[in-house]
Amino acid sequence: MRKRFFSIPGSRTIFSLAVVLLTLLLTMGIGVGADEVLSADAEAAVETIGAVEEAEEAGSFAYATWMSLLPPLIAIILALITKEVYSSLFIGILAGGLLATNFSLSGTLEAVTNDGFVASVSGSAGIFIFLVLLGVLVALLNRTGASAAFGKWASKNIKSRTGAALATFALGVLIFIDDYFNCLTVGSVMQPVTDANKISRAKLSFIIDATAAPICMIAPISSWAAAVSLYVEGTGYDGFDLFIKAIPYNFYSLLTLVFVVALAIMKFDYGPMAVHEKNAIEKGDLFTSGTEHAAENKIAENDKVRVFDLIIPIITLIIVVVFALIYMGEFFSGASFVDAFANTDVTVGLPLGGILALVVAIVYLLCRRVITFKAAMECIPEGFKAMVPAIIILTMAGALKNMTVSLGSDAFVKSFMADAGALQNFLPAIIFLVACFIAFSTGTSWGTFGILIPIVISIFPESQMLYIGVSACLAGAVCGDHCSPISDTTIMSSAGARCDHINHVSTQLPYAVTVAAVSFVSYIIAAFIQNWLIALLIAIVLMILTLFVIKAITKKKA
């Protein structure tokens, strides 16, 4: 019956609207009379925060209640049901605007426009510029034939799917500075290699995503370490020291790396990913859902081009971006290397490095006479066009996050976590689940540990349990971010691999949930053992055993 209904043209959109209308009607029923009187939860949140603007925001009957998480949940559910991300995100944003303004149409229009889209664009402008610059660089390398030359070299030297997957993994590990930079650079460089070895774009985007946030989350010198350090400020602890001590307990990030390597060596896949990989191997279909995405990445061939014509621009990009990031962190004004990363502005450093690297790449390729100036300039609109879908999704995801914040989702989580302090040894596992849910719902891992870190620090005294609790918070944020279709890193992993976004989300979800389940059990074990080495070894063994069990089950079903 469901298949027949969804086969009718426009049925998915009708179903989506019906779900939203029903949800909003129910919330309207719950919120009757809330215009005049604040809810008890909202009043408590206002007293805690004490800001005039947030007191005004608490005029919404949904403020600081479970309903504050409805907009992202609506968007996520609709995206998974309809397989259409743009309308799903917009409906979620609209739902957030209606709840924030108590269903005032004029107020909703103003909130969605100003607090949603305008704020999202202004806050992400630097990232958008960097996306476009990388898109231009990729178009440039494709137009010159450098990508094709690298693909030919890789096909001669990397002759197995396992080798291609591990090479992609290794490059992702090496680019540990920033997840945005990681996602787009690894995808651009390794795409010819994985294509030549018939690895689906869904699998490529998974490997990119698995070596982006998880690597940054365990790298002391990264934008993520800097963010954690900043969120710890004012708590009485040294943020960098706390981050370092939490690394061995960051089970989700560490086990994700084990998972990727083990999966490549064991040579099997499961869930929706198995379908994509089977199509890639047997039919040469790298996309499964269609061939429209293949047309976006036309690669020219040029006999004059050599492999180093791709390697030199990429290495230049890495070096220049690192230079730009530490420059923005005042490294050349006397700050240490670590402090420079802690104080850098990624939204300025990335585009600054990107512009310089692109100029160097164009000059280099012109000097090599592998492209004309006119052809190089034609790559600018090509690169911009290639990144438009990612920019639109990032803008809408940012707007949705702003709507969620305006509904007091952080105050709701604080009140929820305050009631869980008596569970002691089970608390790290609970913190992990809560962080997963928040990051999944909001699409932001940084926002998640920004909310939870102060709470976790207030719950635990300085001990191994503090480090376990903080690591559970950070690991859960990465896990939820991995699973969420509205996460910026998930979106950019799709963009980097030139993979359909919903395909990436649906194929990655079973893998992320598998690692999350093992991580959850590991946090319970770690809380009782409180020894990072023993707990980590047990977690790795559990992860590998789980994969062997899944492989045995999938073989029986085949």
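**Figure 1. Crossing of helices H16 and H26 in the predicted model.** Helix H16 spans residues 272–283 and helix H26 spans residues 501–529; their axes come within 7 Å and cross at roughly 120°. Angles of 65 to 115 degrees would count as roughly perpendicular and those over 145 as roughly antiparallel; H16 and H26 are therefore oblique to each other. On the H16 side, the contact is made by Pro272, Met273 and His276. Helix H26 contributes Asn503, Ser506, Thr507, Pro510 and Tyr511. By residue class, this contact divides into 4 nonpolar, 4 polar and no charged residues.

**Figure 2. An aromatic cluster that includes Tyr511.** Five residues, Phe206, Phe259, Phe268, Tyr270 and Tyr511, form one aromatic cluster. Tyr511 is also one of the H26 residues in the contact with H16.

**Figure 3. Aromatic pairs involving phenylalanine 332.** The structure holds 12 aromatic pairs. In one of them, the ring centres of phenylalanine 323 and phenylalanine 332 are 5.1 Å apart and the ring planes stand at 45°, so this pair is tilted. Phenylalanine 332 also pairs with phenylalanine 331, here in an edge-to-face arrangement with 5.2 Å centre to centre and 85° between the planes. An angle over 60 degrees between planes is what counts as edge-to-face. Phenylalanine 323 has a relative accessibility of 44% and counts as partly exposed. Phenylalanine 332, at 48% relative accessibility, is likewise classed as partly exposed. For phenylalanine 331 the relative accessible area is 30%, and this residue too is partly exposed.

**Figure 4. The buried face of helix H14.** Helix H14 covers residues 239–246, and its buried residues are Gly239, Leu242, Phe243 and Ala246. Viewed down the axis of H14, these buried residues fall within an arc of 100°, so they line one face of the helix.

**Figure 5. Surroundings of serine 60.** Serine 60 is located in the loop between helix H4 (52–57) and helix H5 (70–82). Its relative accessibility is 3%, and because buried means under 20% relative accessible area, serine 60 counts as buried. When its neighbours within four places in sequence are left aside, serine 60 is in contact with Leu99, Ala100, Asn102 and Leu407.

Key:
Residues numbered from 1 in each chain as written. Predicted model: local features only at pLDDT ≥ 70, side-chain atom pairs only at ≥ 80, totals over all residues. Heavy atoms only, no water. Axes fitted to C-alpha atoms, helices over the stretch in contact; angles between N-to-C directions. Helix = DSSP H or I, 4+ residues; strand = E, 2+ residues; numbered from the N terminus. Parallel < 35°, antiparallel > 145°, perpendicular 65-115°, else oblique. Contact = heavy atoms within 4.5 Å. Nonpolar A, V, L, I, M, F, W, Y, C, P; charged D, E, K, R; others polar. Buried < 20%, exposed > 50% of the residue type's maximum accessible area, 1.4 Å probe, protein only. Arc of directions from axis to C-beta. Phe/Tyr/Trp six-rings, centres within 6.5 Å; stacked < 30°, edge-to-face > 60°.
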